[in-house]
Amino acid sequence: MPVMFGYLPLGAAFGILAMDVGVPWWAAITMSLVIYAGAGQFLAVALLANQAGLMEVAVATLMLNSRHLFYGLSLLGAFSGAGWRKPYLIFALTDETYSLLTSHRGPVGQNHALAIKLSALNQLWWVLGTLAGVMIGSQLAFDTTGIEFVLTALFIVLTIEQARRLRQWMPFIVAMVTALAALALLPDRHMLLGAIATASMILLIQYRLDISKRQQAEAP
Amino acid sequence: MTEHPLLLLGFIAVCALATFATRVLPFIAFSRQAEHPLVLHLGRYLPPAVMLILVIYAMRDCSPLAQGAVNLDANGLPMLLAALIVAILQLWRHNALLSILAGTVSYMAMIQLF
């Protein structure tokens, strides 16, 4: 399961970055245990370094993680009937776990025992990675400039995996147009949510058009 | 950073709650509409779109050209090359760890050594 190991270096990168801005080691580990969000934790560390207020942190985290709303939406069916496992499955629904659960070839959607195993292993790698990163980060000899690229690399890999699974251009064209438009038109801190919200609207409209087309085709 | 431990824990709690809120909300709000075709449509097409948006977001500062010349700063050619290394390796070997590690290490090497 190669995707799973992605969390080890990413967790390490987070640990290194956290030590870099002066977050204590126990706080970095606690974050990986109770927040458990890749991009979210990188953002949290950046906000901590900038002495941001709690309100600001809450809003920024909600915005950045609002994409998780749609992950849950697409797993409503798969997670129904998961029983006692459901709360943890929902808690552990990160970008990578989502991509793993949805791109797995087997019937992982209905196999809740396997789903929870994958989710828990993912978090284990994430926490172990953080621990390793904290240890590396406390050795000042290591120059960590550029480590933040690990996040970009992760997103590129996830995009390619999504494309290989779906084999359609449509969502990527929608994403390209909305992201570039948001980049040009919106201030930096609203770009991400603006692009995701617009892409959702376009997919919604496209769904409506699809339906009316199908109804016309069925009419005598 | 000289943050008080209790303040730090409060900060972490806020992040944890905000993150969990975004994950649990659909299960509370839409638990009865799991099979609705619109939910299935969004579930199919939105995640790939969001991934590409995240890539563009992460690379928003990338500008390979600056003032008509090749930009050799961290956000210039190194970022573009490292991104290409990740993409090509992933398409070729399908090994996420390899792609991420090779891309990040080459990015760090390029901006630290040149």
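This is a predicted model: local features need pLDDT of at least 70, side-chain atom pairs count only at pLDDT 80 or more; totals for chains, interfaces and linings use all residues.
Residues are numbered from 1 along each chain as its sequence is written, while chains are lettered from A and ligands numbered from 1 in the order in which they are written.

Back to the question. The residue after α6(A) is A:G81, and its phi is positive, near 85°. Helices here are DSSP runs of H or I, at least four residues, numbered from the N terminus.

Now the helix itself. α6 of chain A covers residues 67–79. At 1.5 Å a residue, its 13 residues should span 18 Å, and the end C-alpha atoms are 18 Å apart, so the two agree. The expected span is 1.5 Å times one less than the number of residues. α6(A) also bends, by about 35° at A:L73. That bend is the angle between axes fitted to the seven residues ending there and the seven starting there.

How much of α6(A) is buried? 12 of its 13 residues. Buried means 20 or more other C-beta atoms within 10 Å of a residue's own; exposed means 12 or fewer; partly exposed is in between, with C-beta atoms placed from the backbone. Among the buried ones are A:R67, A:H68, A:F70 and A:L73.

A:L185 is exposed, because it has 11 other C-beta atoms within 10 Å. A:L185 and A:P9 are 176 residues apart in sequence and 34 Å apart in space, C-alpha to C-alpha.

Next, domains. Chain A is assigned domain 1 (2–167) and domain 2 (168–220). Such bounds come from an automatic or database domain assignment. The domain centres, over C-alpha atoms, are separated by 26 Å. Contact means C-beta atoms, placed from the backbone, within 7 Å.

Last, the chains. 62 residues of chain B are in contact with 79 residues of chain A. On the chain B side, α1 (5–29), α2 (37–58), α3 (77–93) and α4 (96–113) each give two or more residues. α2(B) gives the most, with 19.

Note on methods
Two residues are in contact if their C-beta atoms, placed from the backbone, lie within 7 Å.
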